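Student: I have a structure open and a few questions about it. Can we go through them one by one?

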Amino acid sequence: MSKRQFKAESKKLLDLMVNSIYTNKDIFLRELISNANDALDKLYYESLTNKKLKVDKKKLKITLDIDKDKRLLTIEDNGIGMNKEELAENLGTIAKSGSLAFKEALEKNDKVNIIGQFGVGFYSSFMVADQVTVESKKAGDSEAYCWISKGADGYEITESDKEDYGTKITLHIKEGTKEEDFDKYLEEFKIQSLIKKYSDYISYPITMFTYDEEKKEKTESDPINHMIPLWKKNKKKIKEEEYNNFYQEKFFDYTKPLKVIHTSAEGLVSYDALLFIPANPPYDFYTKEYKKGLELYSDGVLIMDKCEDLLPDYLGFVKGVVDSPDLSLNISREILQQSRQLKMIAKNIEKKIVKELTDMLADDRDTYEKFFKTFGMNIKYGVYDNFGAKKEELKDLLLFYSSKEKKNITLKEYVSKMDKEADTIYYACGETIDKIDLLPQVENLKEKKKEVLYLTDYIDEFVLKILEKYEDKKFVNIASNDFDLSSEEEKEALKKKNEEAKDMFTYMQKELGDEVAEIRFTNKLKKHPLCLTSEGNVSVEMQKVMSAMPNDQHIHAKVVLEINEDHPIANKLSELYKGDKEALKKYTKILYDEARLIEGLPVENPTELSNLVCEFLSK
Ligand code: ADP
């Protein structure tokens, strides 16, 4: 039998496992048991539609055996099994190896992430074993095969005389070293305690062959695990650690969940749901590969491992399981989607999650802040999506940075501090808090002791536009022209000044072309010379977002170049208009480019700008 090679990534991962310095090697057992559990689920599920497979659910189980002398630990299941091709395919490649994130983690030798986030599954056996043998017979087939490997140098597949369906994995446990004790994995007690710790909820019995002193032979033990799925257990009796272990193992996360939501309902539709809000985004969360969804069970038997319809898009980060006896097991995907029960469950679950988040915001602000930092974008997306269909339910979950508080606040908090007669919520947009803080318009408002919300996410302004109002208070972008805090006299004086300068501004505007809707003097800027504002519905920030989208429709903000009437530059311009029109043209270009830079917009021709500035600098 010739040796077959592992695929490149698999080999790398195997090398990592063989030489692993990862401390928690115990997890190999739960990975193997979890695979066995899946195989049993698959067989049972398949037997519901394939009548040729006669399966007695009561007989499905996982059995462990230890041979101390030969240093062997065996994990056997009578599940679906694998044929020859599947052995090569499933054990010769890593399922996740296709993902970019995974490849990157491998490149960086990022062991914690690889093991924690991706779940190395079967390969983790090489952390404790120097040889792994997998004998398997696919349910319904007549031939059995044996896969054997000592690690990264490849594997062999031969025929096997295994009689029963299922998979038997035999680990030859590594010899112990000074630093590391592998002998413990040959101790019954250690293995039993690992089963209890990590695999207690597995719904099939896990038994073990143990030596019976009286009979002088090995006998099969009673199930070591409780077999009650965690979500069906009494909430009061579940320790936090159990929830965390369950989550980390099932959803391949090395950090504890930020929030556990365990809920059940009885009535029109009954179900148990165990939901988790992760502390960090799943590794592939921002890729196209990511699929939202919850595991769906019918009375403890898996129907679907990612039921998308159970979660609205904006809650796509939520992980968990839902179990309902009201759903039929052999329901097809299409019919399931139409199922009234499923829709009701989904609706209830969404409500429950939103309620839990609302409570978290009220009772545990720090945790909520963490949540919002990680998944706030999702909440914003939820508000915005579907033309704001969910905005009422979600608006109080939004946080924005406040110029006054120097931290995140809710819209409710903003409004609660407003004067009674005030009707405006002020906001400003920019790339970062620091940059917004330096915007000329912001400085002006701060002096007037007004609170300004700083919007740094590209979606923020769209969200406020969808909300339209909050408790009858309108939102105003302080960089837009709807915004004016000056008195009637001041307005009048400014108007006059602008009328006088009208010809000059028209002249300057010609120099800038269609890009600029208007140039004018302003009294809004304190010590700053100029700023760029927008007119109409599309703000400069929104334009930035829209032009970055693939279907850029070239919607442009109508920009207005505003020049501080009190700044010396204002007089300078008038002087030039009278005396040196050529210089005025150049000034106009520089000023406009400056205003764009302040707003975080690109400058059309940086070389031209640089040349002009240097021309004046050298005078
Ligand atoms: P994962 O379980 O995350 O897919 P693994 O590396 O643990 O990754 O396993 C790879 C594949 O090998 C599984 O998806 C499954 O198809 C197959 N497999 C592993 N163990 C068993 C088993 N005991 N019975 C049947 N198939 C198995």
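Student: What does Glu180 form a salt bridge with?
Tutor: This is a predicted model. In it, Glu180 forms a salt bridge with Lys25, and the closest N and O atoms are 2.5 Å apart.

Student: Which residue does Lys355 pair with?
Tutor: Lys355 forms a salt bridge with Asp359, with 2.8 Å between the closest N and O atoms. Both lie in helix H9 (residues 340-363), four residues apart, which is about one turn of the helix. Lys355 counts as partly exposed at 47% relative accessibility, and Asp359 counts as partly exposed at 28%.

Student: What about Glu518 and Arg520, how do their side chains meet?
Tutor: They meet in a salt bridge, 2.8 Å from N to O. Salt bridges that share partners join Glu518, Arg520, Lys524 and Glu562 into one network. Arg520 is buried, with a relative accessible area of 12%, whereas Glu518 is partly exposed at 28%.

Student: New topic. Which residues form the positive surface patch?
Tutor: Lys404, Lys448, Lys449, Lys450 and Lys526 form the patch. Lys404 is in the loop between strand S14 (400-402) and strand S15 (408-409). Lys404 is partly exposed, with a relative accessible area of 48%.

Student: How many residues of helix H15 are buried?
Tutor: Seven of the eight residues in H15 (residues 460-467) are buried, so the helix is mostly covered. Among the buried ones are Phe462, Val463 and Leu464. Just after H15, Glu468 takes a positive phi of about 65°.

Student: What does the side chain of Ser47 reach?
Tutor: The Ser47 side chain reaches the backbone oxygen of Tyr44 at 2.7 Å. Ser47 lies in helix H2 (residues 27-49) and is buried, with a relative accessible area of 10%.

Student: Last one. Leu617, buried or exposed?
Tutor: Leu617 is exposed, with a relative accessible area of 66%. Leu617 is in helix H21 (residues 606-617).

Methods:
Residues are numbered from 1 along each chain as its sequence is written. This is a predicted model: local features need pLDDT of at least 70, side-chain atom pairs count only at pLDDT 80 or more; totals for chains, interfaces and linings use all residues. Side-chain values use heavy atoms; hydrogens and water are left out. Patches are made of residues with over 30% relative accessible area and no salt bridge: like charges are joined within 9 Å, nonpolar side chains (Val, Leu, Ile, Met, Phe, Trp, Tyr) within 5 Å. Accessible areas come from the Shrake-Rupley method with a 1.4 Å probe; for residues, only the protein chains shown count as cover. A salt bridge is a side-chain nitrogen of Lys or Arg within 4 Å of a carboxyl oxygen of Asp or Glu. Lys and Arg count as positive and Asp and Glu as negative; His and the chain ends are not counted. The place of a charge is taken as NZ of Lys, CZ of Arg, CG of Asp or CD of Glu. Helices (H or I, at least four residues) and strands (E, at least two) are DSSP runs, numbered from the N terminus. Buried means under 20% relative accessible area, exposed over 50%, partly exposed in between (1.4 Å probe, protein chains only). A polar contact is a pair of N or O atoms within 3.5 Å; within protein, one must be able to donate a hydrogen and the other to accept it, and residues adjacent in sequence count only if both atoms are side-chain atoms.
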